[in-house]
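Hi everyone, thanks for coming. Let's walk through one structure together, and do keep it open on your screens.

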Amino acid sequence: MFKPYLNVNRYQISLWAVIIICALSVFTAGVQAGDRVNTHVRVIHAAQGARHIDAGLDDLAAELESVFRYTSYRLIQSKGMMLGYNEKGRVGLPGKRMLVVSPTSIDGQRIQYRITIHKGKKQVFQTQVLLKNRSSITIGGPQFKKGYLLFNISGRIN
Amino acid sequence: MKKQCQAYAPEVLSRFADNELDDVLYRQIQAHTDGCNQCRQVIDGYRQVSQAASHAIASKVSTFDTGGLGTAVIERVAPQKSGGFKKVFDYFSLKLYLKVASVAAVMVLGLAYFQDTPLNMNMREFSELREPSAIVTSVDARSSVMIFETEKSKHTVIWFSET
């Protein structure tokens, strides 16, 4: 009954083998891409005065203006890093400060980060957050040049 | 040349041969043909033509298989029955370019699943729109700390005092 449908020759078997290998390659590439976390840190100077928003902050400006009363937002530093888990990424900040960011694990669709800020040899701030994949968090507070420093940290895994 | 009998028109004789006349006229012609060879031959000729035609039609009708016609129509109209097993192995009978196209489609969909495409980004952003961008699990600062989020996109902000 099924004999006509089982007419599978070597060529057809080879074709299916190629299909399976390609599918496994695609899947493996996706898994490997998730081993590192694309982390991006933007250092922003927020102050009052003439209204100014740098072009590199277009995606963030409306959010910042909705909660802060500053009128000037200047991007003073931007750094992208591909970090492995527990690998520390360091960003030098004005005023002998240092921001250290490290992805520690994945929790569902969120990336767990450990973030510390140092001033000189002292740690002045430390937090652990679960950052939504392809999203960002803003940390602010240090005074700088008649304004304040904001650190926008975004993370992305594929 | 012998003169043709003019007693009855050929159409009347033809109807006589086919038994289509009323009884009175039928008997009159029958009585006439007893004594008229010409009319009888004409009537016999009509009858032979009629019989030949009848036999020809009857032979064609007898060879026409009406039962087979019904079966043939049902086979044409009814959807073909095919099981899942047959469908799977029907794939092997596809032409090469169709096989290549199907493989390419599978690979594109696989890549789209892992890559950043507008389609999957929009779906994800829509489903996660109401969640905060970050959940703060611990915080340690030398003085006061505020944690809040923006109203529009739930962007999480931590504000700390350095001194």
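Which residue of β3(B) stands opposite A:Ile139? That would be B:Ile158. Before going on, this is a predicted model, where local features need pLDDT of at least 70, side-chain atom pairs count only at pLDDT 80 or more, and totals for chains, interfaces and linings use all residues. Residues are numbered from 1 along each chain as its sequence is written, while chains are lettered from A and ligands numbered from 1 in the order in which they are written.

Strands here are DSSP runs of E, at least two residues, and helices are runs of H or I, at least four, numbered from the N terminus. Two strands pair if DSSP finds at least two bridges between them.

Now, β8(A) and β3(B) pair in the parallel sense, over four bridges. With β9(A), strand β8(A) pairs in the antiparallel sense over eight bridges, and there A:Ile139 stands opposite A:Phe151. Two residues sit between the strands of that hairpin, where A:Lys145 takes a positive phi near 45°. Seven of the ten residues of β8(A) are buried, so this strand is largely enclosed by the rest of the structure; buried means 20 or more other C-beta atoms, placed from the backbone, within 10 Å of the residue's own.

Let's zoom out. The open sheet has seven strands with mixed pairing, in the order β2(A)-β3(A)-β1(A)-β9(A)-β8(A)-β3(B)-β2(B). At the edges are β2 of chain A and β2 of chain B, each with a single partner strand, so one side of each has no neighbour in the sheet.

Conventions: A residue is buried if 20 or more other C-beta atoms lie within 10 Å of its own, exposed if 12 or fewer, and partly exposed in between; C-beta atoms are placed from the backbone.
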